[in-house]
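Hi everyone, thanks for coming. Let me put the structure up and walk you through a few spots.

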Amino acid sequence: MQARLYVEVARRTYARISVYRSATVAGIFTNTVFGFLLAYVLLAVYEQRPEVGGFDAVDVVTFTFVAQGMLMVLGMFNDTEIADRISTGDVIVELQRPYDHQAWWAGVSYGKAGYYAIFRGIPPFLAGALVFDLRLPSVQGAVAFVLSVVLAVGVAFGWRYLLQLTAFWLLDVRGANQLGWLAAQFLSGAFVPLVFFPGWLEAIARALPFAAMLQLPVEVWLGRYDGIGLLGVYALQAGWMATLVVAGRCAMARAVRRVVVQGG
Amino acid sequence: MATLGVWRHLVGARIRADWQYRTSFFLFLLSQTVIACLDLAVVAVIFSQVDTLAGWSGIEVALLFGISGVAFGLADITISQVETASRHIKAGSFDLFLLRPLSALVHLSATEFALRRLGRVLQPMVVLIGALLLAPIDWNVERAALVVVSVLSGTLIFGSVWVVTSSISFWTVESQEVANAFTYGGGLATTYPIDLLGTWLRRILTYLLPLAFVAYLPAARLLGRHQPLGLPGVVAWATPLVALASVLVARAVWTLAIRHHRSTGS
């Protein structure tokens with residue numbers, strides 16, 4: 001069983017990124033600023049109506065700050081760590097080693113997620129709570145949320161791995177990568193909660209894997225699911241994670257058979 | 001003028017280089033256009049729920065979006081490259097820019113020029129033209145001039161914000177992300193009528209970080225609205241002065257930052 005190896009990868013990644021303290025502070029500042037701007041914009045809507053799609057004003061402000069805290073946990077930005085190794089040809093070395101390439105990088109993602117959950121997830125929420133009335137979950141609700149985030153990180157990882165594997169076919173992966181994450185951010189509700197979308201667009205967004213990254217976990221935080229409903233959310237998230245992970249494995253298998261890697 | 005010639009040469013070389021990887025170039029151009037479109041989509045989503053936001057109609061917010069978007073896009077294409085300074089400082093390659101007989105800022109922004117950022121200007125330009133045609137503006141010469149002046153001044157203000165916030169990286173290279181709060185956050189804040197922001201944030205954006213001058217005050221004047229900050233309407237014409245002041249501040253900060261630069265050893 002190699003599971004211990006991947007746990008160790010996650011642990012080391014956590015230690016590696018925890019060195020960059022000032023980057024963390026800078027990031028908290030930025031997430032907080034965006035949290036405030038988006039919260040004020042969305043609150044203006046509530047001056048005219050008491051609720052939107054079942055969200056009241058407290059829900060929507062809570063949503064905004066929880067979502068800002070989750071962006072880094074999910075890694076919803078253009079990192080090209082995996083793709084860089086492909087572009088340089090270093091991926092060959094990775095593939096020759098006796099571990100699973102995808103599981104290794106999943107370990108990296110979970111290591112980062114752990115660090116960012118604590119140091120980037122909580123502070124923007126506390127800053128928001130200084131000015132706004134925010135909703136806190138019950139103890140059970142908090143546990144349910146954490147579990148949902150663990151699955152969401154897996155879904156986001158599955159998407160990240162797939163996006164970066166395009167480096168086997170594209171020389172410069174940044175454009176495709178950026179497009180992929182923009183779509184993910186918008187359709188996951190990172191800018192505006194999906195309940196604000198017109199009905200048809202919300203239906204599309206909820207049918208895609210992106211809702212499982214952010215919208216669903218934050219709805220769990222807001223206590224919108226219990227019992228069977230909550231199990232349904234987990235099943236959907238796990239389903240998307242499995243689908244994306246399998247798609248990533250297929251893409252990798254194809255790349256290994258068909259593609260000539262850059263040599264040096 | 002010699003500077004302009006060198007800039008044109010460097011930028012030309014850069015465009016030819018990007019053009020070699022055409023698929024990537026078009027994907028990147030597409031993604032830049034999509035960014036601009038998503039910003040608009042957020043506005044559209046909000047207006048699918050309400051008819052007015054802080055008393056501004058959809059078309060009036062589109063006017064804000066257009067002015068702010070074009071100004072942001074122009075600053076993005078010409079000067080936002082200054083944010084790569086942190087990468088160059090970390091790699092030790094910033095020294096190169098200091099050795100050449102050309103302003104480090106001009107050299108950096110020419111070397112890192114990216115034509116794909118055009119995607120950021122084109123879409124807001126379309127929105128701006130549409131909004132100018134459709135919004136209830138009582139046109140006269142003064143208002144027509146105000147449109148041009150405010151877009152150009154807005155570009156200078158955004159550009160100054162980019163330079164000032166990127167200068168932080170001369171003191172601490174890891175804090176680059178703070179700059180995003182002011183540049184991209186500024187872009188977001190100027191897209192909406194600032195009346196909807198909390199009083200404290202509104203004051204900061206008027207008196208400290210003068211982003212209210214980019215789109216909000218000029219648009220309020222174009223639409224003949226009362227200036228809700230309690231300022232007289234003619235204050236919209238202070239925009240070029242604010243832009244000039246921003247540029248001077250940016251210049252001073254950048255000069256100070258360069259002087260503070262210590263190369264990395266290896």
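Predicted model: local features only at pLDDT ≥ 70, side-chain atom pairs only at ≥ 80, totals over all residues.

Residues are numbered from 1 along each chain as its sequence is written, while chains are lettered from A and ligands numbered from 1 in the order in which they are written.

So, the chain contact: chain A puts in 33 residues and chain B 35 residues. In contact means that C-beta atoms, placed from the backbone, lie within 7 Å. On the chain A side, H2 (21–45) and H8 (174–187) each supply at least two residues, and H2(A) gives the largest share, 14 residues. Helices here are DSSP runs (H or I, at least four residues), numbered from the N terminus.

Next, the helix pair. H3 (residues 57–74) of chain A packs against H6(A) at about 155°, axes 7 Å apart; axes are lines fitted to C-alpha atoms over the stretch in contact, and angles run from 0 to 180 degrees between N-to-C directions. That makes the two roughly antiparallel, the word for angles over 145 degrees.

Finally, where does A:Gln102 sit? In helix H6 (residues 101–131) of chain A. A:Gln102 has 18 other C-beta atoms within 10 Å, so it's partly exposed (between buried, at 20 or more, and exposed, at 12 or fewer). A:Tyr161 is 59 residues away in sequence but 7.5 Å away in space, C-alpha to C-alpha.

Definitions and conventions
Contact = placed C-beta atoms within 7 Å. Parallel < 35°, antiparallel > 145°, perpendicular 65-115°, else oblique.
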